[in-house]
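Colleague: Please go through the local geometry of this model with me, one element at a time.

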Amino acid sequence: MRLSRYFLPVLKETPSEAQIVSHRYMLRAGMIKQQSAGIYSWLPMGFKVLRKIENIIHEEQAKAGHIPMQMPTLQTADLWRESGRYDGYGEEMLRMKDRHDRDMLFSPTAEELFTDVFRAHVASYKDLPLTLYQIQWKFRDEIRPRFGVMRGREFYMKDGYNFDLTKEDALHAYNRHLVSYLRTYERMGLQAIPMRADSGPIGGDDTHEFLVLADTGESEVFYDSEVTDLTFGDREIDFDSVEQCQAVLEEFTSRYARTDETHDEALFDQVPEERRRVARGIEVGQIFYFGTKYSEAMNATVQGPDGKPTPVHMGSHGIGVSRLLGAIIEASHDDKGIIWPEGVTPFHVGIVNLKQGDEEADAACEALEKSFEALGLEPLYDDRKERAGGKFATMDLIGLPWRITVGPRGLKNGVVELTSRRTGESEELTPEQAVAKVVEIYAKHHVRGL
């Protein structure tokens, strides 16, 4: 992509409403535009990262055996009355009436919808286990939306729902989701710590939140520092194996890690003092097991092995997709701008032409652009007739992990400069070597191209 042909409305000044780093950089980098309180238009670069995050989630859900579908954003109030949640959910629910005076609502979550689909089409225990999910826009009418996409009113969310015959089967689904989420976050360059949490209005006794440590986090968190040494890595796992999923759960949840809502000072005091940590965290996902709460209320039963109607055991599992984008920036930035992890970067490499219009420099940049595209990576070529300092500032702000700088002086020696955005380190390589190194880096991160 040529920057001269791309829509990237970069701002030089920070808008006054931006209170935290992610909001500030998303506005300045031309990723979003506020339309009203807590509601944003996603401009091309922001939308591009949103899709990268979404694709990783889809890929990891598929590996875990979960099936995607799509629900409507508008729901009938009748389903919520059936489950008993309509009156108690609170003012965060956006309620409305259609032209026939029927009560409707804009989806804040979708337990009722999925339960309704399940009970209409699944009749036998032989069709279990089943996990369905969607990635869809939601709306919760926050009283004070703030921090950009971190606490907006409209947000993009992955929500999944498992249906199982027994509690044991449903707890395996719970563990399977925990493993899947660990893999998902690591692919995005994040360390998301599973913490024992409160279930809130969704209900249920078993629930973990996934939190990314950041100074701007809305939750106070208490944890054993050993949890930050844990990584899922490249290990292979059989998601059908109860033992393997349980082992991962125990590995990542056996050390103390809780939000302020469930913090137990007595248990925390049992952690060696030198390992006790108190920090702030950003919630980026949550998993629940809530048993037969919805299936009993909504008569979602299957014929069991004994031939009798049996309420299914359920759980729900959510990832804040749009929220994740802000969390990644909060966890990965410096005073110049964003530093995208390789897994979610909008473009894989930036190409800066120091002397646009110079025949040799133009040709070298165009050759680099075509080489990357032929190898399945997406470059952003800054071909604007602007001074070098402005081009470097733009590249630092938008945060592409790698930059190749091309100028007449280096080309006379047959080299270009490859720079890491994260470390700032540069090295001179031939154009072919620079391409090969960037391709190798993305191969190690298992990042797919176009």
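This is a predicted model: local features need pLDDT of at least 70, side-chain atom pairs count only at pLDDT 80 or more; totals for chains, interfaces and linings use all residues.

Modeller: Residues are numbered from 1 along each chain as its sequence is written, and side-chain values use heavy atoms, with hydrogens and water left out.

Colleague: Is Thr115 buried or exposed?

Modeller: Thr115 is placed in helix H4, residues 111–121; helices (H or I, at least four residues) and strands (E, at least two) are DSSP runs numbered from the N terminus. Buried means under 20% relative accessible area, exposed over 50% and partly exposed in between, with a 1.4 Å probe and protein chains only. Because its relative accessibility is 0%, Thr115 counts as buried.

Colleague: Which residues does Thr115 touch, not counting those up to four places away in sequence?

Modeller: Contact here means heavy atoms within 4.5 Å. Not counting residues up to four places away in sequence, Thr115 touches Phe163, Tyr294, Met298, Ala300 and Met314.

Colleague: Which backbone oxygen does the side chain of Thr115 reach?

Modeller: A polar contact is a pair of N or O atoms within 3.5 Å; within protein, one must be able to donate a hydrogen and the other to accept it, and residues adjacent in sequence count only if both atoms are side-chain atoms. At 2.7 Å, the side chain of Thr115 reaches the backbone oxygen of Glu111.

Colleague: At roughly what angle do the axes of helix H5 and helix H6 cross?

Modeller: Two packed helices are described by the angle between their axes and the distance between the axes. Axes are lines fitted to C-alpha atoms, for helices over the stretch in contact, and angles run from 0 to 180 degrees between N-to-C directions. The axes of H5 (residues 167–187) and H6 (residues 242–253) come within 9 Å, and they cross at roughly 65°.

Colleague: How do the residues of the contact of H5 with H6 divide?

Modeller: The contact is made by residues including His172, Arg176 and Leu182 of H5 and Val242, Gln246 and Phe252 of H6. Ala, Val, Leu, Ile, Met, Phe, Trp, Tyr, Cys and Pro count as nonpolar, Asp, Glu, Lys and Arg as charged, and the others, Gly among them, as polar. On that basis the contact of H5 with H6 divides into nine nonpolar, four polar and one charged.

Colleague: How many of the residues of strand S8 are buried?

Modeller: Strands pair if DSSP finds at least two bridges between them. S8 (residues 154–164) pairs antiparallel with strand S7 (residues 130–139) over ten bridges, and with strand S16 (residues 313–320) over eight bridges, also antiparallel. S8 is mostly covered, and of its eleven residues the number buried is ten.

Colleague: Which are the edge strands of the five-stranded sheet?

Modeller: This open sheet has mixed pairing and the order S20-S19-S21-S22-S23. Each edge strand pairs on one side only, and the two are S20 (379–382) and S23 (426–429).
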